[in-house]
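User: I'd like to learn how to read a few features in a structure like this one. Could you walk me through them?

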Amino acid sequence: MNVLVYLVPLALLLGLGGLFAFLWSLKSGQYDDLDGAAVRVLSDDDLPDNARPSSTAPERHRS
Amino acid sequence: MSEAIDYSIFVGTSEDGLAQMSLAIDGIDCAACIGEIENGVKALPGVVRARLNYSTHRLTVAWSEGTSPDRVVGQLEALGYRAHPFAGRAEESEARHARWLLRCLGVAGFAAMNIMLLSVSVWSGNVTDITPETRDFFHWISALIALPAAAYAGQPFFQSAVRAIRSGRLNMDVPITIGVTLALGMSVVETAMSQPHAYFDSAIMLLFFLLAGRYLDHEARRRTRATAGNIAALRGEMAHRIGADGVPVLVPVQALQPGDTILIHPGERVAADGVVASGLSAVDESLVTGETLPRALKAGDHVYAGSLNGEGALHLTVTAGGENTLVDDVQRLLDGALAEKGAYVRLADRVARLYAPMVHLTALVSAIGWLLAGAGLHDAVMIAVAVLIITCPCALALAVPAVQVTATGRLFRAGLLINAGDMLERLAAVDTVVFDKTGTLTLPEPALALPRGADPDMVALAGRLALSSRHPLAGVIAARAKGPALERVTEMSGQGIEAIIDGRRARLGSLSFCDAIAPSDLPADASLIAFRHGEKVLVMGVAQALRPDAREVVAELKARGLDVRILSGDRPAAVAPVAEALGIVAAEAGLKPADKIAALDALKAAGRRVLMVGDGLNDAPALAAATVSLSPASGAAVTQAHADAVFLGRRLWPVLAAVDGARTAARLMRQNLAIAVGYNIIAVPLAIAGFVTPLVAALAMSGSSILVTVNALRAARPGRKEEAVGDDGATGEAGALTEVAA
């Protein structure tokens, strides 16, 4: 059963890694706006302004 | 607007030393709005950060210099969104609490998973060939994980249990705390004595399930409150405060202090309670008293917040600050009504009061029983621990909150914001519905009533003339305007306005001013306005209009066996036609706040459980006195604070949805409690008999919790009855109602 000597700590470390990742994501506010996170992925905020489709023009909004 | 706006009370400092402000934003309806708003605000000079929370419709802006709060608001307005600064200190602490619960949940989840990993090995090893050394090793590691995790993740329960015991009560958290502590303690002792069974997994799993329920419960309420906060902020209540130099500055009402002098323009809503310092006018106090006829004012008279100013400008000395604008006797009535309401005991608390002592007694009795039967002290205590774990109100604690969360979420989508957690239970038991008239059965704003055969061109022309008037009734007519406001309009104080249109004189105002006679086919309670253009005369009425679906909702409520009544502060002449139109027989008019409470008390004395729906300041005590209360979002702020739920929109439909949703929820709650109790009836004798191993405990606990949760999810679906109403299409209205729900 010598295998347990390193497998059990390994399992615990993995679990702790997951826990710290969760606590970090919580602290950095990733659970504050769940609906926003779902739709933000659709916005092209990585493109330069002129390459963006003109969807951000204010006139478009009022339907 | 030329007048300066002073938003300084909303501006705070961010962590990195920038000026920061939160705004509630109205008009967000698509994902593209996020980029539009954030980029639009970031384009202002000096703005460092702009982050929109799409769930709560709040924008946080931080700037270094060069930008003022009113420029941010102005920019948002230019983009097409209404925005209002926001100071949500109470919500900040709630958000912190939610994050803390989530942290506890994360820790409990981590611990539960890792301990279960070890426990499954032990369980399978116990029936095969695990060596005692390996088992003890696994148990010690479990203890190493479980003890710190429970100490951290159990805090919400431990703290609440300590608070309950200090105040001499028992709540669900007391048996939870005792159960978890005993289970962990005994497991450590077992492990030290190299015994085969330890309950580390059960104890941690228990905490995990309970924390999940508690977090969901908290989140649902927080979301409702955030929306309610937005509504309050977006009313954007501002006041023109006269500064020391005599110049009026627009400030948020929260910034008003007693002794300040404020200016009330004609047609404006009064921002705070006060005494008239100078000026002559009449105020419409329908939001305060329910009375729709204006009251004349002179210097020295009291004015209440929420009243609508008539045609004269007023200088007001503020007597109560923005947060405390309640009339004294209303406050007194309110305190009395609230004290009485405290007598209601939540279903879960009633069960807990009965359940907690029973759990402890059963555990104690089984331990003593086994001792008497000749078992060793060790075996007897282990059985007592097993009984405690099995009876720990895991399913019971989830039974009610899980239903509440799903039902609240469904009602939220139907346009209902729920203030009180136990509102659903109380609402389900209601047998009488009492409506206020003004602003509740009728729309908050008056509507134009035209005589038969009115010329649309005349109405449109009257509308253009009305654009130049500040009289409160003029706004209703101005909405019909086609074209821009007229030029060279003269206002005759107290009579009306006059202009020259197409070379002929046009007048809008009182009947005598326009030399007109009242037609007979306008509603009896309408305020009349005449319009004369040359020889042509048109007399229009401005009257309270019923909410578009009021008739259908009242009929549906009656169809559900509820007794529908009206208690109004308005004149009998104004109440009678409404009652008749809705088919309500029991309608009382001209009631003061104290009379409304007396009427409710009489109903309650007759054994009725009353749902009160009202919007005015005069309804606030009655709302607090009723079994359960609803208020429209257009109601007075104080009234909303005392309502159990607030409904949005122009329709009355959410009232019906609330009643149906509450009935479904109450049924599911009772089912869930029955499931939880039924599970105990099976499991507890097994535990007392000593058959419950940690494996059985783990299975039973998760099994019953999942069953209860799945049953609770049914509250999110419309009930079978509701679907049937929508499907058979027997009444067109019922179909329309269901459409609104979707």
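This is a predicted model: local features need pLDDT of at least 70, side-chain atom pairs count only at pLDDT 80 or more; totals for chains, interfaces and linings use all residues.

User: Then where does B:Cys514 fall, buried or exposed?

Analyst: B:Cys514 is buried, because its relative accessible area is 0%. B:Cys104 also comes out at 0%, so that one is buried too.

User: While we're on cysteines, how many disulfides are there over all chains?

Analyst: The general idea: a disulfide is a covalent bond joining the sulfur atoms of two cysteines. Here, searching the whole structure turns up 0 of them.

User: What about nonpolar side chains? Which residues have the most contacts inside the largest nonpolar core?

Analyst: In soluble globular proteins, nonpolar side chains tend to be buried together. In this model the largest nonpolar core holds 66 residues, and B:Ile145, B:Tyr199, B:Ile204, B:Leu211 and B:Ile390 have the most contacts inside it. Helix H3 (residues 89-127) of chain B supplies the largest share of this core, 16 residues. The core also takes at least three residues from each of domain 2 (90-235) and domain 4 (326-442 + 547-742) of chain B.

User: And which residues form a nonpolar patch on the surface?

Analyst: Look at chain A: A:Val3, A:Tyr6, A:Leu7, A:Leu10 and A:Leu14 make up such a patch, with about 510 Å² of accessible area together. Take A:Leu14, which sits in helix H1 (residues 3-27) of chain A. Its relative accessibility is 64%, so A:Leu14 counts as exposed.

User: On to charges. How many salt bridges are there over all chains?

Analyst: You're looking for a side-chain nitrogen of Lys or Arg within 4 Å of a carboxyl oxygen of Asp or Glu. The count over all chains is 16. One of them joins B:Arg651 and B:Asp549, at 3.8 Å from N to O. B:Arg651 lies in the loop between strand S27 (645-647) and helix H23 (653-689) of chain B, and B:Asp549 in the loop between strand S22 (536-543) and helix H18 (550-559) of chain B, so the pair ties together parts 102 residues apart in sequence.

User: How does burial look for that pair, starting with B:Asp549: buried or exposed?

Analyst: B:Asp549 is buried, at 1% relative accessible area, whereas B:Arg651 is partly exposed at 34%. B:Glu498 is buried at 14%, and B:Arg507 is buried at 17%.

Technical notes:
Residues are numbered from 1 along each chain as its sequence is written. Chains are lettered from A and ligands numbered from 1 in the order in which they are written. Side-chain values use heavy atoms; hydrogens and water are left out. A disulfide is a pair of cysteine sulfur atoms within 2.5 Å. Buried means under 20% relative accessible area, exposed over 50%, partly exposed in between (1.4 Å probe, protein chains only). Patches are made of residues with over 30% relative accessible area and no salt bridge: like charges are joined within 9 Å, nonpolar side chains (Val, Leu, Ile, Met, Phe, Trp, Tyr) within 5 Å. Accessible areas come from the Shrake-Rupley method with a 1.4 Å probe; for residues, only the protein chains shown count as cover. Helices (H or I, at least four residues) and strands (E, at least two) are DSSP runs, numbered from the N terminus. A nonpolar core is a set of buried Ala, Val, Leu, Ile, Met, Phe, Trp, Tyr and Cys residues joined through side-chain atoms within 4.5 Å. Domain bounds come from an automatic or database domain assignment.
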